[in-house]
Number of protein chains: 2
Amino acid sequence: MSEKRTEISEIGEFGLIDHIHKQIKIKNSCTLKGIGDDAAVISAGDHVKVITTDLLLEGVHFDLSYAPLTHVGFKAVAVNISDVAAMNAIPKQITVSMALSNRFSVEAVDAIYAGINAAAEHYGVDVVGGDTTASRSGLILSVTAIGEAKKEEVVYRSGAKEHDIVCVTGDLGGALVGLQVLEREKQVFLSNPDMKPELEKYQIVTARQLRPEARMDIIHELREFGVIPTSMMDISDGLASELFHICKASNVGVTIYEDKLPIDKQTFDTAVEFGLDPITCVLNGGEDYELLFTIDQKDFKKLEKHPDIHFIGHITKAEDGKLLVTKSGTVAQLKAQGWKHF
Amino acid sequence: MSEKRTEISEIGEFGLIDHIHKQIKIKNSCTLKGIGDDAAVISAGDHVKVITTDLLLEGVHFDLSYAPLTHVGFKAVAVNISDVAAMNAIPKQITVSMALSNRFSVEAVDAIYAGINAAAEHYGVDVVGGDTTASRSGLILSVTAIGEAKKEEVVYRSGAKEHDIVCVTGDLGGALVGLQVLEREKQVFLSNPDMKPELEKYQIVTARQLRPEARMDIIHELREFGVIPTSMMDISDGLASELFHICKASNVGVTIYEDKLPIDKQTFDTAVEFGLDPITCVLNGGEDYELLFTIDQKDFKKLEKHPDIHFIGHITKAEDGKLLVTKSGTVAQLKAQGWKHF
């Protein structure tokens, strides 16, 4: 008897996720949104709860040879808060499960929890549960976050419509470039442990990689300005990949402009130093955890002067495709690469 | 500079959990119960949501040399549903995060999800989210379950009071004994791969280990009978250990009777075959996922004839301690050992 064996790498991470999701049916009326957005949405009286979860593994998502344990704890929380933010909800609770090999001491656990508790304090969430267990291979962190919103406040990926303006917060590409710096310094250290890592001039980009911030500040400001985006998600896999998600979910196209894409000077300079195209870093670098959202044109005036929101393009008809207008005026097809762990 | 290093094994799993919890403060008024029960409780309009999470690792919580992938998927869901049941709530949603090494094919993922989806169907929950990622070392499953209840229906560990009757469902010790059988057959197979495992006569106990059931049936029946337990938890670490938790949380003592403890004949016979004391298996065997609860004496008549609820003792004053009355009438101190993964 020969059994068919299909490698996960043949269908890829997104292929695998699609494959799994096809088999899932929703049964309960209190499940307003299941898989397919930044978080699930469930009814909760006159409000809704949003729920999201992320699994972080040593050696896959973080490398303890350069990531301090406290930063790892903070990041594990922040990436989940970012998903709650992407639904336009306010995070309230998290659960934290942790597996540790005997390489880790009680003091190491304290360092991880210092980061978790700092993030919980910073984002105003309660740590309400979890699980602590032994692992045979390093550190594993699984965080689930729960947020709250009024039903009409929740923003999905599916609401973008023609003529909406495409917005991104902060700047992009820093986390990817920061990772290149950290990997290089690790190699230098491994070949000569007496060498001191040269990280001073790369502080912004390495911080983007090691200790990202969820943009809850923007969510609170959007509420103050009375703006509800028409669609939103956080940028964890890369801007191009996320634009593809919004276009697919909303059944629209998009045109973005290279000269509008936000990039920090340190990101730009470091990308060039590493022989990387800065725009490719902005389009395909993951883990920036900035917000990508679309707004109705009527809301543009309210956000126009915001120093940290950038208007990078507009939504078009689906048949117009996904386009990048370069600085020279050339129109190119946008390509989504995204992050691949498999 | 010398840094202090405290091994986790020095303070143990419960010590570590206590150590972590001491640093956690609750800030949000919608968090009704944080860490310290089977699940957290958060307000949700006129209802409450309960939330619980568990992390299962290959080589720590399951061994794929004898656990079929489909059973592992089912169990990962069932153990979380059991925690929801232990709060007297009805499970509605789960999220499932999975990490896989490249040893696993798409067909293997399908087998795991066959179990997850079977459990979701069986318990009436929706799979609403998750995360799928690569792992360097085998299979990791992290499941979070969300349940719903009216606020006054929620049962905590802390409500037991003097004279309440102590109840357990089903029978105990089977999962521990089943594990011994599976480990023995694994060793036999490793030393001689041509040997067929002898599992026919151990079907009940191996099923208890490989594919436990959450007792949602009991939760629904308690509602039909109009009984709200005064305290409840599920038996994952062992009856004695769970009784200690209830006594501590409720500030009471307990007396249980050896001749009232429920044990299946196959569990008893297999324990004897392995040279284990059957009563020790019942008291300290983990992973049975039966329910332990206390009821007010006035509710006894309603449950008295239930074929699968056993009345094993009663709650006393805290100063009376935690006692086991043996078949011979001797009064012994109850000892909690529990499961130790570290």
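At what angle do the axes of helix H5 (residues 203-210) of chain A and helix H8 (residues 265-273) of chain A cross? They cross at roughly 95 degrees and come within 8 Å.

This is a predicted model, in which local features need pLDDT of at least 70, side-chain atom pairs count only at pLDDT 80 or more, and totals for chains, interfaces and linings use all residues. Residues are numbered from 1 along each chain as its sequence is written, chains are lettered from A and ligands numbered from 1 in the order in which they are written, and side-chain values use heavy atoms, with hydrogens and water left out.

## Helix contacts

Two packed helices are described by the angle between their axes and the distance between the axes. Here axes are lines fitted to C-alpha atoms, for helices over the stretch in contact, and angles run from 0 to 180 degrees between N-to-C directions. Helices (H or I, at least four residues) and strands (E, at least two) are DSSP runs, numbered from the N terminus.

On the H5(A) side the contact (heavy atoms within 4.5 Å) is made by A:Gln203, A:Ile204 and A:Val205, and on the H8(A) side by A:Gln266, A:Thr267 and A:Thr270. By class, this contact of H5(A) with H8(A) has two nonpolar, four polar and no charged residues. Ala, Val, Leu, Ile, Met, Phe, Trp, Tyr, Cys and Pro count as nonpolar, Asp, Glu, Lys and Arg as charged, and the others, Gly among them, as polar.

The buried residues of H5(A) are A:Val205, A:Thr206, A:Arg208, A:Gln209 and A:Leu210. Buried means under 20% relative accessible area, exposed over 50%, and partly exposed in between (1.4 Å probe, protein chains only). These buried residues pack against helix H2 (69-85), helix H4 (174-191) and H8 of chain A.

In chain B, the axes of helix H4 (residues 174-191) and helix H5 (residues 203-210) come within 7 Å and cross at roughly 100 degrees. H4(B) and H5(B) are therefore roughly perpendicular to each other. The residues in contact include B:Leu176 and B:Val181 of H4(B), and B:Val205 and B:Arg208 of H5(B). In this contact of H4(B) with H5(B), eight residues are nonpolar, four polar and one charged.

## Strands and sheets

Strands of a sheet pair through backbone hydrogen bonds, either parallel or antiparallel. Two strands count as paired if DSSP finds at least two bridges between them. The table lists antiparallel pairs from both chains.

| Strand | Partner strand | Bridges |
|---|---|---|
| E7 (residues 165-169) of chain A | E11 (residues 309-317) of chain A | five bridges |
| E9 (residues 252-257) of chain A | E11(A) | five bridges |
| E3 (residues 47-57) of chain B | E6(B) | 11 bridges |
| E4 (residues 90-100) of chain B | E6(B) | nine bridges |
| E7 (residues 165-169) of chain B | E11 (residues 309-317) of chain B | five bridges |

In E11(A), A:Gly313 is the bridge partner of A:Val166, and A:Ile315 is that of A:Val254. Strand E6 (residues 140-150) of chain B is mostly covered, with 10 of its 11 residues buried. Within E6(B), B:Gly147 stands opposite B:Val50, and B:Leu141 is the bridge partner of B:Met98.

An open sheet of seven strands in chain B has the order E8-E10-E7-E11-E9-E12-E13, with mixed pairing. Its edge strands are E8 and strand E13 (331-333) of chain B, each pairing on one side only. Neighbouring strands of this sheet are turned by 25 degrees against each other on average, direction ignored. Helix H7 (residues 239-250) of chain B packs on the sheet, and its direction makes about 150 degrees with that of E9(B).

## Single residues

B:Ser231 lies in strand E8 (residues 231-234) of chain B. B:Ser231 is buried, with a relative accessible area of 0%. Its side chain makes a polar contact with the side chain of B:Thr294 at 2.6 Å. A polar contact is a pair of N or O atoms within 3.5 Å; within protein, one must be able to donate a hydrogen and the other to accept it, and residues adjacent in sequence count only if both atoms are side-chain atoms.

Most residues other than glycine have a negative phi, and most peptide bonds are trans. A:His163, though not a glycine, has a positive phi of about 80 degrees. A:His163 is found in the loop between strand E6 (140-150) and E7 of chain A, and at 49% relative accessibility it counts as partly exposed. B:Tyr289 is not a glycine either, and has a positive phi of about 55 degrees. B:Tyr289 is in the loop between helix H9 (278-284) and E10 of chain B, and counts as buried at 9% relative accessibility.

Conventions:
Angles under 35 degrees count as roughly parallel, over 145 as roughly antiparallel, 65 to 115 as roughly perpendicular and the rest as oblique.
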